[in-house]
Amino acid sequence: VNLTVPSSWIALLAAFVITYIAIRVRYGSRISGVLVDAIFYFILVWKLSVIITDFGHVIKSPLSIIYFNGGKLGFYLGLLAAGISIYIELKNNGFHRLERIGLFTGLVTIQAIYQISMVLLNEGPFVAQFVTIFMFLMFAMYVWLSLEKMQDSFNQYALLLIAVHLFVAAFQPVGVLGTSVVVTL
């Protein structure tokens with residue numbers, strides 16, 4: 001049986017699984033649980049948003065929900081659902097610095113693995129591929145190796161992530177207006 005799956009889905013799945021394992025090992029079940037809940041809500045809303053974005057097609061072919069998603073709108077709705085789930089969890093249990101750092105590290109790791117996977121799964125200009133792999137790999141390593149220092153300068157790391165992504169995006173064909181840059185912002 002042949003199954004066609006977009007490379008972005010493979011990259012996203014790889015990013016989610018690897019990040020979950022890494023965060024679970026480093027921070028334990030509480031933070032990884034918050035992260036996996038956010039991932040679950042993101043996927044659920046993103047996939048089911050096709051009901052909103054293409055209602056007529058879903059009515060004619062209900063199984064289309066399995067293959068299709070809500071596109072960019074659905075993606076952003078999924079991000080919103082993930083963000084709300086994280087916010088509610090942290091609000092109910094306090095905004096502890098360690099949880100914020102763990103979730104930030106998870107987001108950096110997801111973004112880095114996703115970007116590197118997309119380079120490996122797709123063709124593109126060599127310079128864009130090299131810059132993407134190098135910058136995201138170096139930044140992810142920097143974050144993971146300097147976790148103890150992060151407690152004093154969390155906001156600077158978040159701004160550095162935005163700067164790194166904008167720099168990388170300048171080399172990519174889509175540019176700074178791509179969906180992944182919006183995710184980082």
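Among contacts (heavy atoms within 4.5 Å) in the protein chain between residues at least 6 apart in sequence, 66% join residues at least 24 apart. The model is predicted, so local features need pLDDT of at least 70 and side-chain atom pairs count only at pLDDT 80 or more, while totals for chains, interfaces and linings use all residues. Residues are numbered from 1 along each chain as its sequence is written, and side-chain values use heavy atoms, with hydrogens and water left out.

The protein chain has 11 helices and zero strands. Helices (H or I, at least four residues) and strands (E, at least two) are DSSP runs, numbered from the N terminus. The C-alpha atoms fill a box of roughly 55 × 45 × 30 Å along the principal axes. The radius of gyration, taken over C-alpha atoms, is 17 Å.

Of the 185 residues, 39% count as buried. Buried means under 20% relative accessible area, exposed over 50%, and partly exposed in between (1.4 Å probe, protein chains only). The accessible surface comes to about 10,700 Å². Carbon and sulfur atoms account for 71% of that surface. Accessible areas come from the Shrake-Rupley method with a 1.4 Å probe; for residues, only the protein chains shown count as cover.

Helix α6 covers residues 71-93. Its 23 residues should span 33 Å at 1.5 Å a residue, and its end C-alpha atoms are 33 Å apart, which agrees. The expected span is 1.5 Å times one less than the number of residues. The buried residues of α6 include Gly74, Phe75, Gly78, Ala81 and Ala82. Ser85, Ile86 and Leu90 are also buried. The buried residues of α6 pack against α2 (29-48), α7 (97-121) and α11 (179-184). Gly94 follows α6, with a positive phi near 90°.

A nonpolar patch lies on the surface, with about 1,000 Å² of accessible area together. Its residues include Phe126, Met138 and Phe171. Patches are made of residues with over 30% relative accessible area and no salt bridge; like charges are joined within 9 Å, nonpolar side chains (Val, Leu, Ile, Met, Phe, Trp, Tyr) within 5 Å. A salt bridge is a side-chain nitrogen of Lys or Arg within 4 Å of a carboxyl oxygen of Asp or Glu. Helix α8 gives the most to the patch, with eight residues. Met138 sits in α8 and is partly exposed, with a relative accessible area of 36%.

Methods
The radius of gyration is taken over C-alpha atoms; the globule rule is 2.2 Å times the number of residues to the power 0.38.
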